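Dear colleague,

I am handing over the structure below, and my notes on what was found in it follow directly after. Please read them with the model open beside you.

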Amino acid sequence: MTPVALRIAGARNPRALVLRALAAAPRLGAGAAALMVVQQVAEFTVPVIIGLAIDHGIAARDFGSTLGWACLLVADFLVLVLAAQFGSRLGLRAVESVQHRLRLAVVGRVLAPTGIAGARGVGELLSIAGSDVARLSRAVLITVYPVAEIAALGYAAIALTLIWWPLGVAVFLGGLALVLTMELIGRPFRQRSEHEQERIAGVTSVAADTLTGAATLRGFGARDWALARYAAANDEALDATKRSRSSEQRFVALSRALSALLVVGVAVAAAGLAFAGEITIGQLVIVVGLVQLVIGPLEALSINLAAVWLAALASAARVLALMQEPAARPEPAERVGGVGALPAGGLPAGALPAAALPAGARPLPALEIRLGERGHAGHRARQVIAVDRGQLVGVVAGSSLASALVDELRRCDTETTVRVMLDGDDAAKLRSDALAARLVVASGRIAGASLPPAPAAARLAAQAVEAPHSGGEHQRAALAAALASPAPVLVLHEPTSAVDPVTERLIADALRTATAGRAVLIVTTAPALLAVTDEVHLLEEHTVSRGSHHDLLGIASYRGLLR
Amino acid sequence: MSPSLPLASAARSRRWLLSRVRPLVWRLLGALLLFVVAAAAGLIFPLALGRLVDAVERDDAGAAFAIAGVALAGLLVAAVIGAAAAVVLTFGLEAVLADIRLRAVAAALGLPASISDGVSAGQLTSRGSDDVDALREAIAGPIPALASSAAAIAMTLAGLFALHPAFLAAVLVVVPVHVCAVRAYLRRAPRLYDAERGAVARRSAWLYEALRSRETIRAYASAARVQGRFSRKSWAVVRCALSIRIVQSRFFLRLGIAEMLGTVALLLTGHALVAAGQATVGEATSALLVMLALFAPMSGLLLVFDDLLAASAALRRVVGVVDAAASAEPSSTLELPRRGPGEPVVALSRATLDLAGVPVIRDVTVEIAPGQIVAIVGASGAGKTSLAKLIAGQLAPTSGRVEVLGRAPSQLPGDAAACLVTVVDQHPHVFEATLAENLQLANPAAGAGAVRDVAERIGLGAMAQLDLSDARTDGALSHRLAVGRALLRQAPVMVFDEATAGVDAAEARELDGLIRAACTGRTVLMIAHRLSQAESCDRVLVMDCGSIVEDGPPEALRAAGGPYARLWEAWAAGAP
């Protein structure tokens, strides 16, 4: 892998980020630029050699001289093609390495344990990690091609100056004026092109949204509805594209017309010189040939450079906004109770800081949840749910209360209304890696393709199947991953809500063995699971009742909450 | 290895593309003609410069301004006509692309359940949006470039011929070099492009899954492991791009050598012709300037090759989906047949279903009377969802008969089957639209008032106009939406596939109540994972290994001591 140095974090604004991306692969970029300069210079030498061959060979009817110039032409072409070959490879390598690195950085930020505070859809994140990163990294080419193009222009200006200095100055100034004019005229066109990009991106995201909901659409026979919605976005994008294309072509025609004026003007001036006998026919050919070639780099500089730069700038703004988005759970300032790497496959009971307590003192519970600690409306009274190592504790609550509790357990930061203590340490003061190592909160959202692999024992306990398909099978896979995690404290939220009763019973039977030695809190309304707990807390608006599942069955509101 | 969507052959996708382009053939020919005119006008410039050289040799200063005027006029005409040609061509191409985009999404949506059930959402999205995007990028810009380059090259050859046939002969000497270069390129490049598209698709499908389950990655602090895997996938794309560039740059090398040979041949031919008095120095100059002007179109042609191969790789993926989709024309209306009282609404007779050679439904015979509310229970994998899909016409029986209101649902075109049987699936999707639009999809004919009423009934009245694209949608909202859709929908048979899976008991009870209200007077099949749901149904079908093993009212089955009674005992073990 090619070494690429790229720091995004410190970039103050999009411009700074683009500049950093430009400089991220300095050696590759410099190598590519050097080779492309050689290629351009060799290309611009072709008309020079041809002019000299016409002068000294063809016009003078000297075959030996023509042959000599032909050999030089071959040598020049060989330099040209070899430089182009390796230059373009190095250039692509530079772009791709920077793109790879940028993409890793963006994905790293999105998946970071601290999370992102804002609500961003998967489609938006995909588009930032995809096309925005690609456009930003294409800015690397600014250090390659424009550099070579400017070198070519300089070379042409020098060659022309050697023939007759005012020509060189005229081409240089004329070229500069052309680039600046096109830059000015091109602004509205570029705005339209941005607009078009947005519309196209819009169509893509509608397509993704439509296809993600394919099963729903099929079930309701609503495919026509979805296609009509997509067709409307598609038509809109087509119109925007057409408008943008026609303005783009107007711009191109204007740019060509302006450069035609420059080329013909120079040709007329050179012809005047030739008539006056100041320059030879061969020199006239060189002038005309060079000016004809100069148009290429001039157009590239006036059209491509700004487009690449502005596209990179716009993408850099989006990338930077994502990278600088505040964390959902910022890392606490100081490290408390930092436990290093935990042994895989579970932790022996009592191995955590509680063991360091003075002899005779009662060990702190592995998990202690202090409700209403931070003055929340929900629980007037201060209530505590404590789970010791080796204990299986259930929590029964109405759906919104249960979800709110699990959500707060998942976040465990200073903003939450409950205080979570792990072996006596305030979880809000734990860094995210330490927290994840000590507490796993498996809520309904914790599922999908990114679950860590679970060993056979955990899969068996959770009744997980190969290649899960139905909702219940996915839930069992998620439970297997939770059971397999090495964290000493486990919170399960409705782990079997989509599982059929027979399987649920099998899972309940295996739960205690599968979680042996750990502190487990199950937030559920499933009787089969509650039946195997040591004790259950019934959470209501203002009160918390505590007892065994069997005892609590006597309370009407408890029975009402069970499913 | 997970199953993947089919890929069309290169020949098949070419034919398909041609069929899409055919209506525009006159527009495209017109554009090509304009390109030829533009290239011819562009040729005036080097030819005029040759005349200028001759005028200098003759010392005929008077002719110089006329020649310069013609040269300028030629360039201006070339600029204007060239732009017009590009506009005509791109408008046509963009229309074709918009049409392809729509067809690709329609095809991806129309994939039969037997194919789409096996692939991940990421794969489907990648085909329907990423590949179409790639196709667009590889066509919208490059095809006009190809047309313009081809016209320029043809005109250059014509110009050389006009100057002197020997010039054309000298340049044509290098054609074998070009042929070799193109053949060497085409031997290796297409495979590399397919590999690149595949690597990109794997990268994005994987990223899609990772982003969707980012909470999971956070919960298990597995970001580092996930990042490592992503890094490998991303680097695989880089490797593909680099190996393509190597083949490309070799192609460019060979083209450059052809150009060199052509230029040298022209120089020597020019010398010979001038020495023999067959051509003037000006004509030799023109020939060489014409050749110089060919540099840009030739490298343009190279880049186009590149894009065309990328387009072909993307096209094969798109056409693969188009071909796999049912060819039935979309139709979402159906005259509901009248049935006499007492006749069954749903009737299966000896229906079996094999998926990928595995029997999923075995010899099922059952009749459901109008207005019945039927629960289907059984362990995961017992065939509950497959049975529902048979009844909804999403899957066709391998043998036996499935009839709803006397018609075979799988034979009905497009969405017509959903007018008979509407399915509320396990994971109702919340579309990036307003809540009202999300409801309306179930019945586009429903007025704003009806939609508002339904929004009220599902307790989301205050959100009716809220755009749900940014809302962090939780399971409860999507299930509520699904029930709202069912309320709006006018189908005689409704299937709820674990419609309350993943929500807790209190919420589930409320949803069950709403479902009841939604289904008065209709025939309902409820795939239940909670026995409390089954208990409140008229009739229970117990499934095991693809067969119906028990059938009857819940209380009777409970008393019968069979499989349902055992399920009931398991469930009730911890129950109040």
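Helix H4 (residues 122-137) of chain A and helix H8 (residues 175-212) of chain B have axes that come within 10 Å and cross at roughly 135 degrees, and the two helices are therefore oblique to each other. Here helices (H or I, at least four residues) and strands (E, at least two) are DSSP runs, numbered from the N terminus; axes are lines fitted to C-alpha atoms, for helices over the stretch in contact, with angles from 0 to 180 degrees between N-to-C directions. Angles under 35 degrees count as roughly parallel, over 145 as roughly antiparallel, 65 to 115 as roughly perpendicular and the rest as oblique. On the side of H4(A), the contact is made by Val122(A), Leu125(A), Leu126(A), Ala129(A) and Gly130(A), and on the side of H8(B) by Ser204(B), Leu207(B), Tyr208(B), Leu211(B) and Arg212(B); by class, this contact has seven nonpolar, two polar and one charged residues. (Ala, Val, Leu, Ile, Met, Phe, Trp, Tyr, Cys and Pro count as nonpolar, Asp, Glu, Lys and Arg as charged, and the others, Gly among them, as polar.)

This is a predicted model, in which local features need pLDDT of at least 70 and side-chain atom pairs count only at pLDDT 80 or more, while totals for chains, interfaces and linings use all residues. Residues are numbered from 1 along each chain as its sequence is written, and chains are lettered from A and ligands numbered from 1 in the order in which they are written.

Taking the two chains as a whole, 138 residues of chain A are in contact with 137 residues of chain B, two residues being in contact if their C-beta atoms, placed from the backbone, lie within 7 Å. The largest share of the side of chain A that touches chain B, 26 residues, comes from helix H8 (residues 223-275) of chain A, and that side has 81 nonpolar, 36 polar and 21 charged residues.

For chain A, an unreviewed UniProt entry lists residues 66-86 and 251-275 among its "transmembrane region" spans. Residues 66-86 of chain A are 100% helix and 0% strand, with end C-alpha atoms 31 Å apart.

As for confidence, the mean pLDDT (the predictor's confidence in each residue, from 0 to 100) of chain A is 84, and 92% of its residues reach 70 or more. Over residues 336-357 of chain A, however, pLDDT stays under 50.

With best wishes

How values were computed:
UniProt positions are given in the numbering used here, feature names are shortened, and annotations may be inferred rather than shown by experiment.
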